[in-house]
Amino acid sequence: MTTMIQPRQADQHGSASRLMSIDILRGLVMLLMLLDHVRETFFLHQQVSDPMQLEQTGSALFWSRFAAHFCAPVFIFLTGLSAWLYQQKNQDPYALRTFLFRRGAFLLVLELSLVSFAWSGQFPPATWYLQVIWVIGLCMILLGVLYRLPLMVLALIAVLSIAGQHWLSHLIRLSGSEWQYVWTVLLQRGYLPDVAGMHIRVSYPLLPWIGVILLGYLCGPWFAPAVSAAKRARLLRLAGFAAVLSFVLLRSWSGYGDVWPRQADVPAWHALMAFFNLTKYPPSLNFVLLTLGVACLLLPVLERYQQRLSGLAVFGGVPMFYYLLHLYLLLILQKLALLCWGANHGARFGVDSVGQLWLITVCLIPVLYIPCLYFLRFKRQSHRAWVKYL
């Protein structure tokens, strides 16, 4: 993608460059999210499980869905990183807590209102799905509670919440007890008690995502103005290689957590898909190692080539505006497709191939880019408080 916006003037430490690399990475995963949400709009007749059933999932659909696995962990990691950067700009040590509490609460309300309507097309919906916006909001609130703890304590909490989840899931069985709904919110995807006849389903269990946002916050000092781009690149590459290598070793030889289901006498492409067929709900240790490892390896590359990739920063600079815009655009397109061609897969209109999903996604990128660009300019010039929430 060629340069479509002018990057902010960098200071002697390259601060504008490091900040733009964050927006570029966020924008990149948001486009991958667009592909996955196009799939959920026009390809819902071919469901994918978690992890995916390889016998029922073709390679094109598998790798398209696999690409979307990077969205939530990268976005939540960057939320923690951005929180650290926000803290450095404010003299008040408690300003970050207020910032995180307000925005976290805003996201919780948003999930139960505009986001729910965008997915279902009705309000109130028959089922409230507590998805990624919900879990980001909770993670921000919890980060606001925890961030003043010593860094080593935060690191320990992060490691235990991500790596210890598998041990906890085997150790604790709460089905039928009064604590089972707490466990559903923390680690076990499922339903909560009905409210006024409406179902509530937790799609994103919270516990491992707490570790992801804490890891982002802990990596914040690498993006301090005093840290050179070269040193930051070395730290990110070291962390990235360590995470990816740990993933390969754990997946290959360990029986802990997300175990690789080895099969004899299967084609190499099938074995490769099985190796990368990871659990997202909740995100397994292997899932987090791979996705965040790749993100750390990408960040130095994006910072180096940020001039050429600045168009992605348009999407990354207005994440919530983009999120709502693309959901409502897809809702309208599904309604229009039903009106024009009728339902061909149950009550919905769907396309017949993954290639068509990619084509729709590519066509929607410029449609979304223009309003995002104008809103980004408005956001930079406006002093209204509400604009910052988007």
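Predicted model: local features only at pLDDT ≥ 70, side-chain atom pairs only at ≥ 80, totals over all residues.
Visitor: What makes α13 roughly perpendicular to α15?
Guide: Helix α13 (residues 310-317) and helix α15 (residues 354-381) pack at an angle of about 70°. Angles of 65 to 115 degrees count as roughly perpendicular. Therefore α13 is roughly perpendicular to α15. Their axes are 8 Å apart.

Visitor: Which residues of α13 and α15 meet?
Guide: From α13 come Gly 311, Ala 313, Val 314, Phe 315 and Gly 317. They meet Ile 365, Leu 368, Tyr 369, Cys 372, Leu 373, Leu 376 and Lys 379 in α15. This contact has nine nonpolar, two polar and one charged residue.

Visitor: Why is the pair of Phe 321 and Phe 375 called stacked?
Guide: The ring centres lie 4.3 Å apart, with 0° between the planes. A pair needs centres within 6.5 Å, and stacked needs planes under 30 degrees apart, so both tests are passed. Phe 321 is in helix α14 (residues 319-341) and Phe 375 in helix α15, 54 residues apart in the chain.

Visitor: Why is Phe 375 called buried?
Guide: Its relative accessible area is 10%. Buried means under 20%, so Phe 375 qualifies.

Visitor: How do you know that the charged end of Arg 189 sits over the ring of Tyr 281?
Guide: The charged end is 3.8 Å from the ring centre. The distance limit is 6 Å, and the direction must also be within 35 degrees of the ring normal. Arg 189 counts as sitting over the Tyr 281 ring. The charged end of Arg 26 sits over the ring of Phe 75, 5.8 Å from its centre.

Conventions
Residues numbered from 1 in each chain as written. Heavy atoms only, no water. Axes fitted to C-alpha atoms, helices over the stretch in contact; angles between N-to-C directions. Helix = DSSP H or I, 4+ residues; strand = E, 2+ residues; numbered from the N terminus. Parallel < 35°, antiparallel > 145°, perpendicular 65-115°, else oblique. Contact = heavy atoms within 4.5 Å. Nonpolar A, V, L, I, M, F, W, Y, C, P; charged D, E, K, R; others polar. Phe/Tyr/Trp six-rings, centres within 6.5 Å; stacked < 30°, edge-to-face > 60°. Buried < 20%, exposed > 50% of the residue type's maximum accessible area, 1.4 Å probe, protein only.
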